[in-house]
Amino acid sequence: MKITIVYDNEANAGLKSGWGFSCSIEAKEKILFDTGDNGENLIYNLRQLNIQPESVAAVVISHNHWDHTGGLREFLKFNNNAKVFHPKSFSKPTEISPGIHSTGALGGLIKEQSLVVNTEKGNLVITGCAHPGLETIIEKARQLGVIFGIVGGFHGFSKLEELDGIELIAPCHCTQYKQEIKQKYPTQFREIKAGSVIKI
Ligand SMILES: [Zn+2]
Ligand SMILES: [Zn+2]
């Protein structure tokens, strides 16, 4: 199971950075989660990372903010066969691909879905901006099994003790308290940006 960060506010050399988030999940099928804020940059990064847009089976949009939906229209020019899952699609956890579940849309004003990916070590949770509150997402994800890791935007999440027992903590994008999380969980913390690869 391989996760590649495709788009983030920060990027490795040779990739474009921009305010937004996108990652690919390679399990039984290849899934793209979110599309960053700019389609040309998204396609550029995908090609640089050798993830051909044409090979993606489904696109999951976490929530309807431009920094997550911005690249979708451009992406669909290269692949209009991919299934697109918007957050309003589900109100409860649903399997969207073998071993990959959506939490269903959570939150009040801003509806957002996160992914729960089965791995050999437990479930990996992938978030867009975590607007519903990371603690709410964690609680929902735990209904699907033990959480091994969390990757993505944590937004203003500050109840850090909720991360106790999670072995891989990889905050990026809009995470406000990244330094505090790193200090509290130095061995579990993983620095990620566009181009980072997580293999489990
Ligand atoms: Zn957002
Ligand atoms: Zn965002």
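Q: What is the relative accessible area of His65, a partly exposed residue?
A: This is a predicted model, where local features need pLDDT of at least 70, side-chain atom pairs count only at pLDDT 80 or more, and totals for chains, interfaces and linings use all residues; side-chain values use heavy atoms, leaving out hydrogens and water. Residues are numbered from 1 along each chain as its sequence is written, while chains are lettered from A and ligands numbered from 1 in the order in which they are written. Buried means under 20% relative accessible area, exposed over 50%, and partly exposed in between (1.4 Å probe, protein chains only). His65 counts as partly exposed because its value is 26%.

Q: Is His63 buried or exposed?
A: The relative accessibility of His63 is 0%. That value is why His63 counts as buried.

Q: Which residues are the protein donors of the zinc ion (ligand 1)?
A: Donors are N, O and S atoms within 2.8 Å of the metal (3.2 Å for Na, K and Ca), and sites may look incomplete, as water is not among the atoms. In sequence the donor residues here follow the spacing H-x1-H-x65-H. Lying 2.1 to 2.2 Å from the zinc ion (ligand 1), they are His63 (NE2), His65 (ND1) and His131 (NE2).

Q: Which residues are the protein donors of the zinc ion (ligand 2)?
A: Along the sequence, the donor residues of this ion are spaced D-H-x60-C-x43-H. At 2.1 to 2.2 Å from the zinc ion (ligand 2) lie Asp67 (OD), His68 (NE2), Cys129 (SG) and His173 (NE2).

Q: What is the arrangement of the four donor atoms around the zinc ion (ligand 2)?
A: Four donors count as tetrahedral if all angles lie between 85 and 135 degrees; four count as square planar and six as octahedral if opposite donors are over 155 degrees apart and all others between 65 and 115; anything else is irregular. Around the zinc ion (ligand 2) the angles are 89 to 151 degrees, so the arrangement is irregular.

Q: How far apart in sequence are the parts that Asp67 and His173 tie together?
A: The zinc ion (ligand 2) and the zinc ion (ligand 1) are 3.7 Å apart. Asp67 lies in helix α2 (residues 66-69) and His173 in the loop between β11 (168-172) and α5 (178-184), so the distance along the sequence between these parts is 106 residues.

Q: How many bridges join β8 to β9?
A: β8 and β9 form a hairpin with two residues between them. One bridge pairs Asn118 with Asn123 in β9. The two strands run antiparallel, and the number of bridges joining them is five.

Notes. Helix = DSSP H or I, 4+ residues; strand = E, 2+ residues; numbered from the N terminus. Pairing = 2+ DSSP bridges.
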